[in-house]
Each structure stands twice: as C-alpha cells, then as structure tokens.
Amino acid sequence: MPIVVLVPLLPLIGALIVASGGSSSLHKRAKIAIFFLGAAFLGSALTLWHVATQGPITIRYYDPDSLSSLVFPIGFYIDRLSAVMMTLISCVGMIVYTYSVGNMFQDYNARRYLSLMAFTVFVLLCMVSSANIMMLYIFWQLLSYLLYILAHNHSHGPTLAGAFRTYTMLRVGDVAFLIGIVLAYQLYGTLEYSTLFERVAESPVMLTPFPGIEISGATAITLFLFIGGICKSANFPFHIWLPSSLFAPTPMHALLHAGIINAGGFLINRLAPMFGLSPTILHLAFAVGLITVIVGGLMMLRQNDIKRKLGYSTIGQMGYMIMECGLGAFALAVFHLIAHGFFKGSVFLYCGNVIHHARKEPSLPHIVTSRKPAEFSFLTWFTGLVTTLLIPLVILLAIHDVLAIPLLESQGLMIFLFFIWITSTQAILSLTRIRGVASWKVSASMISVWFFVIFIYLFAAETFTAFIYPNPAEVEFYLKAAALPDWLFSTIVVAVSLVIITSWSYLYISARGGSIRVPDWIESFKVRLYRLSMNRFYIEKMYEGLGRFFMRVLNRIVGHDAGWSK
Amino acid sequence: MTFETNSLILTMVPLLGGLLGVTVWSQPIKLKMWLILVTILSLALAFALSDQLTTSVGGTLLLYLLPLAACVSLLVKLNSHDDQLSLLMTVLLLGLGLGALTSAGLTSQLFLTVIFGLNAYLLFKYRNPLWSSSWAGIGIFSLAAVGAGYSAGVDTSTALIISLLVSAVLLPLLPLQAGYVTAVTRLPGSLPSFLIFLLPVLGLNNLANLITDVPDDIAYSISIIALLSVVFGTAKALVQSRVPLILAYSSFAFFAILWWFLASSQTVTPQNVIYLVAVAFVATGLMVSWQVICSRYGDDVDMRTVHGLVWSMPQFAVLLTLVALAAMGMPPFGVFAGFVGMLLTTTFTTYIPLIFILAAWLAASWYIMSMVQKMLFGQKQLEIRRIELHRSEFASLLIVVLICVALGVLPSNITGI
C-alpha cells in the first residue's frame, strides 16, 4: 500500500502552499492548506482501518543491509501503534491549524507560524511511521529545531532566551538518543526494529562501563533512549524548557501540548520489546515519572498565569505517562497521551479565545470580590465518601475473596484499579469544591464521574490495550518486567491511600467549620514547600549557576586570543 | 592523455588563469568575473577528466568540490582594499591545491611546500603589531614548508613522522593548529573561506597515504592528542565572542574528531571523507556568510552589534539558518551523515572517547546556535530598512546549502566514493 506515503506528504504540501506566494493571498492559501491537513487526517484514519484489518505496512526506500544507506534510510513501518499516533497527530493538527487560520488572521507572523505548523505535522507523521530507529532519530532532531522556532518571537528578549533554552535541553536529549543508536548498532549490528528486538532478546550482551559494574546491552541502550525520550516529554530534570517556551502563540501550544510533547511516550512504546527486557530502566522510568508528577503538580498550583498553569499541568501529565510506561502499562500510556492530547489541545484553544477576549474587554478577567460562605451538604459528602472510599474497598475485597485473584501477585491489575481510584478521587474531590448548588446534582455528578472513570479504564483502556498489543502474553510480560518489589509496591499503595484518606478528612472537617491542630513542623514544612514551588524548586537557577560557573572556569583555562577585542 | 598530463592541465588552468588576471588588475570587477570563470572552467575540466584522474581519497569528489569552494568564496562581495590580491591568491591556491591532490610523491610535496610558503607570505604581508599570533602561524607554515620538501628526500620512518606533522598543520591538530587558525582568521577577502576548505582537504589527502603505515603506539598517541584537541578546540570556541575565531576553533575541534577516528581505525573510509568535506564546506559557507555581513557592517564587527538580520536581510537569514543547521549536525545535511556514518562504522574498544566526542558535538549546537541567534534575531534595527542580498552572494550560499544536502542525502556512489 505505497499510497500511504502520501499521508505525511500532504501536510508538507500544505506548508509549502502557505509559505510560498504574496501576503495578499495568504489567507486564501492558508484556507486551501486546511484541505491538505484534512486529507492527511482522512488518510491516517483509513490507514488505521487498513492496519487493524490487514496487518502492518512496510515500505523501504533503502537497502537495510547496505552500510551507505545507514544514515538516511527513508522507509515506513506502520503498525497499529503508528496508525493510532498518525490519526491522533493529523486530527489534532487539522483542528489546531483550522483554528489558527482564523485566530492568526492578519497577524504579522501568520505565514511563518501556519507554515511551520503544517510542517510540524509532516515531521511528526514521518517520525511515528518511520521504518527504523535512524529515520525516527532524523525526524526527532528536526522536531527539536522546530520546537525552537515555534517558541520564537524574533525581537522579544525573554522569548529568545526561552527558545534557546528549549533547543539546548532538547539537544541534550538528541545526543543521548544518538548514543543509544550507536550502542544498538555496535552491539547488535542493525537499526531495523524487528531485527533489533529479536537480536536483543536472543543474544544478551553484558557491558562493563566501569570496573565492577556490569549492565546488560538492553539496559545501556534503553537508558540513553529513555533520556532522549524524557527530554522531549519535559520530564524531571529536563522539564525546564516547557515553561520557557510559553511565549509562543496559543495555538502553537495546543499543537505542542497535544502532539509534539507525546514523542517520549511514543518512543518508549515503539521500543517496548527492548524496554521490556530491562526492568532497571522501567523502574527508573517509574521514579522519574513519579517525581515529575509531584514537581509538576506543585509548581502548577503556584502559577497565576493561565498558560503557565497549563504548561506545568502538562509536565505533571507527562510524568504520569512516563510513570505508566515504568509500570509496564505501555498501552495505558498511549491511551493517556491521546486523552491528554485532546483535552489539553482544546483547553489551549479555548484559552486562546479567552486571552483574545480579555485583550479587547477591559473588565476581564472578572475579579471575585465577595463569596458566599461555604455550605455544608451531607449528601454531597456522603456520596463522595461512598464512591471514593467505601466502594473501592468493597471492589478490592470482592476481587480478592470472591473472584480469588491474588492481588499481591497481580501488580498489573492493581495498577489499573489504583489508577481508577486515583482518577475518580481526584475528580470527585474537585467536585466537592462546587458549593452553594443543589447537592443532589453534585452527588449525581460524582456518581456519573465514578462510573465514567471505571468505564474508561476497565473497558476503553483494556480494549485499547488489546488493540495496540493484541498478544496478551506480551502485555503480561511487560507488566511482570516492570513489577516493583512487593514491599515497595505495597508502600506506595499504602502511602497514596493515606494521602487520599487524609485529604478527605481534612476537607470534611474544614467544610464542617472545624479546625485541625497541625504540628508546628508541618506548618513550617508547608511554608518551605510553598517557597520552593514558588521558585520552581530552584532547578532553573541551578542550571544557570552551573552554566555561569562552567563558562568562568573555561575562560580562565583557555583564555582570550591576543589581538582581538572581547 | 596520461594521468600526469591530465593532472598538469587541471593544475595549470587556474595558475595560468590567475596570471592572466593580472592584465585586468586595475579593474577589480573584471578581475573578479575572470577569476570566477577560471574556477568554473576548472570545475568543468575536473568533470571532463574525472575518468582519468583520481586523488588519494574520495575518488573525484575532492576534485569537484575544490573549484566549487573557490567559486563560492569568490562570489561574495568584498570590501577590503586588498580584494584583488586575495582573489588572485584564491585562484592560485586552487591551482596548487589541485596539483597537490592529483599528483603523488615528490611533486605533491613540492606543491604543498609552495602552498605553505604562500600562506606564510600572506600572513607576513597582513601581519599586525597587535596580532602576535600571526608570527606563530608564519612560523608553523614555514616549518611545514621545509618539512614537506624535506620529507620527500629522506628515509621512510623519518618521512612518515614529518609527513604526519605536515598533515597536522593542514588538518589542524594540537599543538600545530596556529597556522590554520591564523590563516582563517587573519587573512583578508576570499582567502579565509577558501583556506578553511583547502587546508583540511589537503591534510586528509596527505594523511591517506600514511595512516595505514603508522605504528600502533604512534596511532594511539595521535588518538590521545586528537581527544585533547577536541576538548581544547571546543573550549576555545565556547569562550569566543568573535565570529572568525568561533569558526576557526569549532572547525578545528570537528577536524580533531576526524583525527581520532582516523587514528583509531588507521584507515580512511568513505564516511571520513564525507565528514571532512561536509565540515569544511559548511565552514566555508559560514565564513562566506560572515563576509556578507562584514561587507555591510565593516570588518571585524562585533556580532552583538549585528542583530535583527531576519528583518533587514530575510533571504540571507534563511540561508544562514540552513548553513548553521548543517554546522550543528542536523539532518539531512552532510555533517550529520558523515558523523553518524563514522560512529556506526567504528568499533569502539572503550566508550570514553565517545563521551568527549559527543560532548563536543553537543557544545557545537550551543555555540553555533548562540552565534546565529545573536545575529539573526533580537531587537529590530530601525535605522536599517532592508538590505538586499546580491545575486552572486545568494548563489554562493545556495550552492553551499545544496552541496551539504547532497552530501547528506545522496548515496556514496553518487558522490563518487
């Protein structure tokens, strides 16, 4: 099915149409390009259907055995994962682009941004449908540069500094990715996905990077690829580029947060058979994801700028995605990135409207000066308690005792249940903040949310997992590879449970007008944490300080050339 | 016709063309046009004689690219009062370079001797009391001229060492980098942009005949020196604020990476050649871009005062961005292809050198991007409305971009190696 090659090319044609020609016809050309992006979406959807019914598509314009074609091996391998990603990217790309044509009408930079947007969709489509790691890497690097110019306002100093920081951080990931590729080729002699996975599984290689330390080839390769992935997906400690790039037009962010930033999750899924052979890296992914969730969430709470708030929220969500990969729930991570992509894309587009509106209307944003005293509703609180604490407990007991499923030995099942619980609790706790309305409506919403979350996780996510990874043994293999030591897993479950129960109690007592005596050290810890998150944990300052120190040392060592002014 | 006759024809065309150019010395525009024609004629001859000529490495690729690099350098509008001499010297050096590439043994060494001598003379002519480093360059080139001549007449082991040293002057390596650095930063007009291509190409050509004979312990020492050069070149490039110095030291670091690969494998592969010509051509492109800026803003202008070119010179901004992307090793340009090709085809006994090499690679993204960003973006210069890029300058930069893409995308058999 060589016609599938047209799918990524259509946005490229659209980009060229927008970029070429005079300013007078720009709007007309921009509208024409919508059809190309629409056609790309249609083509992606058809490809998804084709792949789902007739299996993967492989097209190669190179000889995989030839050394000379190693550095520019253009080809396409489209399986279910690729087709799903292509559909997501082209759909989000088409929506965002169509919105931008109106949003950026008569904007000075419209031509640049619109053509770059269509070009980015082309690069993303090529990246997710690449036939080998090298082609993926080629488009991965182009994406780094595109992010730099997308986050650009040519004359605005802070924007330029932010864009430069973005590029520098992403290049760190690019270099790590390259090390992974070099190691893969050196150890296994191929960059073709299927052959590489086979060789890694069949012939384990051990490396000794330092005396006394031995690591497997799979671990070494996946470690560097993982670093590449988390740089692009703005995970701790490489997350600082994302807030720095927030000066770009809002539709750019819709595309960035809905499409581009998911590259890390895609990379890990694409190479899942290799990651599955390295429990160490999966555990590392879990830890990095967890830290990112906490850091991103805390920093988000302290922002007063709508775009920054959304930016830090994305960092937290990317942390979740990487954490899911670290738990071996690869398909769940893809499911998450799709859901997050659509959600964040729509929020950013809406945010663009709000910002536009606020610029025209001086009375916006409204400042709430008076608030009714909070009302206590027994029904609301009772429903919340039942749905978030009692029913989950009953379900756990039922699974364990009635269905006789040993929970402690089924971390995969526990992960799903746990995510259901956390997601529904998060939503229901948010609903308790709606005060002063008829409480039965809130209670009904809580129950609906609860059923919705269960439906999504147990039915939609499970079905999606079976679609992406049709072989249940493969899913089981990943979950087992990622299994944490029992004591650690139990500790995490218990700790998070305690946090949720404590939060419930705190909110409940506060709603009843009661006061809670908190030890002084907790109060002081709260203040410190507040200050830390206000200053974004000083991570950016630390990078800047290190950079300045490094340059000072270099200046002292290598000095200045004679005869040139500084 | 014999191989020697063809080599002679290819060498003599630019040399005679250059000498004939003296007749229109007082008319700089005519002289420039004439010399550009000579480089084009040399390129056409290289194509015509390609079946009967070859070089030590890279097949006929180097023979095509050398006249092209000279042509690219000549196409730029220059503003120095020494224009004529720099233009003429560019063409003469092209002839000598072609001679060194297509000949072997004593003849090749003689050509190299003349090239070194000319470089020393030019550095002497353009010396400045403030530029003490020019004397280091003059000294290194003079010694290299003596070494190149001497190595042709001594026994094998001594000749090998001297030839290695001569190669280290051409393809810069610590501690002999001063000749290269001063030549590409101190000479005027079109010379730096051509020399930044010519010297390394001749260095690799000279090295190709030696590297297989180098004993293991010397090869190991070279690889250590190469790593030191990578670190030194990168560190120097990082702290510079002047464009010519950034380009000189960054290209020095990139060439030192090549030295490491050559010393490790003790052979010259097609990937090495692609990498070398790509780096050298990109460096030529960046140097040409700098000449374009200097022709508008004056010589030795501080890059911090040149900002907002994206508004005043949009066409130039796009071309410079593409050349800079190539220099940072982005696909689909030749530097990426050559570098990745070398990484994949080299067997690493230890991964420690890889750390240094990739750190240098990463640093290049930092300082090149920083340099380009300072010039292209930033506050718009309101007093400058729009500066048009001259057609010949546009052609020059476009050739650089196209060659870089061709080196990155086209398979090795099309590039002639």
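A salt bridge is defined here as a side-chain nitrogen of Lys or Arg within 4 Å of a carboxyl oxygen of Asp or Glu. By this criterion, the count between chain A and chain B of the predicted model is 0. Local features require pLDDT of at least 70 and side-chain atom pairs pLDDT 80 or more, whereas totals for chains, interfaces and linings use all residues. Residues are numbered from 1 along each chain as its sequence is written, chains are lettered from A in the order in which they are written, and side-chain values use heavy atoms, with hydrogens and water left out.

Contact (heavy atoms within 4.5 Å) links 44 residues of chain A with 57 residues of chain B. The two chains bury about 4400 Å² between them, 69% of it on carbon and sulfur atoms; buried area is the accessible area (1.4 Å probe) lost on putting two parts together, summed over both. On the side of chain A that touches chain B, α5 (133–150), α6 (157–188) and α22 (539–558) each supply at least two residues. Of these, α6(A) gives the most, with 15 residues. By class, this side of chain A has 30 nonpolar, 11 polar and 3 charged residues, where Ala, Val, Leu, Ile, Met, Phe, Trp, Tyr, Cys and Pro count as nonpolar, Asp, Glu, Lys and Arg as charged, and the others, Gly among them, as polar.

Within chain A, A:Ser100 lies in helix α3 (residues 80–103), helices being DSSP runs (H or I) of at least four residues, numbered from the N terminus. A:Ser100 is classed as buried because its relative accessibility is 0%, the class covering values under 20% (1.4 Å probe, protein chains only). Residues up to four places away in sequence aside, A:Ser100 touches A:Phe105, A:Leu114, A:Met117 and A:Pro251.

Note on methods
Buried means under 20% relative accessible area, exposed over 50%, partly exposed in between (1.4 Å probe, protein chains only).
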